[in-house]
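Please look over the fold shown here, strand by strand and bond by bond. A short report follows.

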Amino acid sequence: MRKGFLAVGAVGLLALGSLTACGNESDGDQAGSGKTPKIGVILPDSKSSVRWESADRKFLKEAFDAAGVESDIQNAQGDKNAFQTIADQMITSGVTVLMIVNLDSGTGKAVLDKAKSQGVATIDYDRLTLGGSAEYYVSFDNEAVGRLQGEGLVKCLTEANVQKPAIAYLNGSPTDNNATLFKNGYDSVLKPKFDAGEYTKVADDSVPDWDNAQAATIFEQQLTKAGGKIDGVLSANDGLGNAAISVLKKNNLNGKVPVTGQDADPQALQNILAGDQCMTVYKAVKKEADAAAELAIALAKGERKETGQTVKDPEGGRDVPSVLLTPAAIYKENVKDVIADGYVTKDELCTGNYAKLCTDAGIS
Ligand code: BGC
């Protein structure tokens, strides 16, 4: 297991190591030269996943502080108008680079284009803005995230020896390009099984804005419609997975129906230790934050770096210079690796009844 983690680390380092400087840019709209570097970051919300406030904010701030660069990190709390207002205020206050996690591509694009017109360089952080104009896109290989989820569900169903499992999908927000990529990933694993008649898909719903409360309602409806017969839940992240688990608990089905996730939330890791969640996908957010901060600082100084990779924006047709990091699947056996990586602490995880489960899972 450690080997897997070290491999993730190595990929991360490689990605960072390949950000080679290619000197000052002289095109007119390039931010930087002459101005004091200041980086603005707009996070999307604090409800769809705890990562934004507990990991991204912390690691980005640490990276900017370590480089001695001024930063302003704000959270739009799921409000698209607030998102635009924050962006306007940041531009007025003189940020030289703006980094966003868009709430949807339309408002994201408006913000990126406005920044660009004011000479402020931009970065798409974690979510690609379709049709957008960001200089860089920094994220994980999101189709790989989805593949790990699909493979995880298959692994848990196979281990439980479930025949012809009935599967429900709880997809992410239809306005998040990542949700599309995650689905491409898990479909690539599960669709052949549906087509071959090995598995049946009994429900397939997207959760608007990744809203956890709505996810519980949607899953309740899926379960009712399926006559209580759902054998596996492909949930696109931990918040949605936890919503499904809460409904399964009410029906005494938790622990019997594997549920997937993403983000390695402390709550999800506890669900995994308790046997209520099959797996999660760990994304080393520190590496994502460090890579994005490195690019932002370069842009703020009027420099460009080679990322060695591009992603095609399917809407704008642009090849966007990108950094894509490697995700890792987490099961009960390797929950400890998330702690070893410093993402979650033992104290957060091993509270109350979880203390014994932690010891059993080799968390010391
Ligand atoms: C991120 C996930 C997160 C989800 C909800 C996605 O774009 O990649 O890590 O769980 O948004 O916030």
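In β6, which residue is the bridge partner of Y125? The partner is V138.

This is a predicted model, where local features need pLDDT of at least 70 and side-chain atom pairs count only at pLDDT 80 or more, while totals for chains, interfaces and linings use all residues. Residues are numbered from 1 along each chain as its sequence is written, and side-chain values use heavy atoms, with hydrogens and water left out.

## The sheet

Helices (H or I, at least four residues) and strands (E, at least two) are DSSP runs, numbered from the N terminus. Two strands pair if DSSP finds at least two bridges between them.

Seven strands make up an open sheet with mixed pairing. Their order is β3-β2-β4-β5-β6-β13-β12. β3 (70-75) and β12 (310-312) are the edge strands, and each pairs on one side only. From one strand to the next, the twist averages 25°. Axes are lines fitted to C-alpha atoms, for helices over the stretch in contact, and angles run from 0 to 180 degrees between N-to-C directions.

Strands of a sheet pair through backbone hydrogen bonds, either parallel or antiparallel.

| Strand pair | Bridges | Direction |
|---|---|---|
| β4 (97-100) and β5 (121-125) | four | parallel |
| β5 and β6 | three | parallel |
| β6 and β13 (319-325) | four | parallel |

M99 has I123 of β5 as its bridge partner. S139 has L324 of β13.

Helix α4 (residues 105-117) packs on the sheet and touches β4 and β5. Contact means heavy atoms within 4.5 Å. The direction of α4 makes about 170° with that of β4.

Buried means under 20% relative accessible area, exposed over 50%, and partly exposed in between (1.4 Å probe, protein chains only).

Is β6 largely enclosed or open? Five of the five residues of β6 (residues 136-140) are buried, so the strand is largely enclosed by the rest of the structure. Both of its faces are covered. Y136, V138 and F140 are buried on one side, Y137 and S139 on the other.

I42 sits in strand β2 (residues 38-43). I42 counts as buried, because its relative accessibility is 0%. Leaving out residues up to four places away in sequence, I42 touches Q74, A76, F83, I86, A87, M90, L98, M99, I100 and V101. A328 is 286 residues from I42 in sequence, and the two C-alpha atoms are 26 Å apart.

## Disulfides

A disulfide is counted as a pair of cysteine sulfur atoms within 2.5 Å. By this rule there are two disulfides. Their pattern is 1-2, 3-4, with bonded cysteines counted along the chain.

C156 is joined to C278, S to S 2.2 Å. The torsion about this S-S bond of C156 and C278 is about 85°, so the disulfide is right-handed. C156 lies in helix α5 (residues 142-159) and C278 in the loop between α9 (266-274) and β10 (280-282), so the pair ties together parts that are 122 residues apart in sequence. Both C156 and C278 are buried.

The sulfur atoms of C350 and C358 are 2.1 Å apart and form a disulfide. Here the torsion is about -90°, so the C350 and C358 disulfide is left-handed. C350 counts as buried at 14% relative accessibility. C358 is buried at 1%.

## Helix α9

Which residues of α9 are buried? They are A268, L269, Q270, N271, I272 and L273. Their cover includes α8 (238-250), β10, β14 (328-330), α11 (335-340), α12 (346-349) and α13 (354-360). G275 follows α9, and its phi is positive, near 85°.

## The cavity

On a 1 Å grid over the protein atoms alone, a cavity is a set of points where a 1.4 Å probe fits but cannot get out, and lining residues have an atom within 4 Å of a point. Grid points are joined across faces, edges and corners, and a volume is the space filled by probe spheres set on the points.

There is one cavity of 30 Å³ or more. The largest cavity holds about 100 Å³ of space. Its lining has 14 residues, and the closest to its centre are W52, R127, W210, N237 and D263. α2 (51-66) and α6 (177-195) each supply at least two residues of the lining of the largest cavity.

Key. On a 1 Å grid over the protein atoms alone, a cavity is a set of points where a 1.4 Å probe fits but cannot get out, and a pocket is an open set with protein on both sides within 12 Å along at least five of seven lines; lining residues have an atom within 4 Å of a point.
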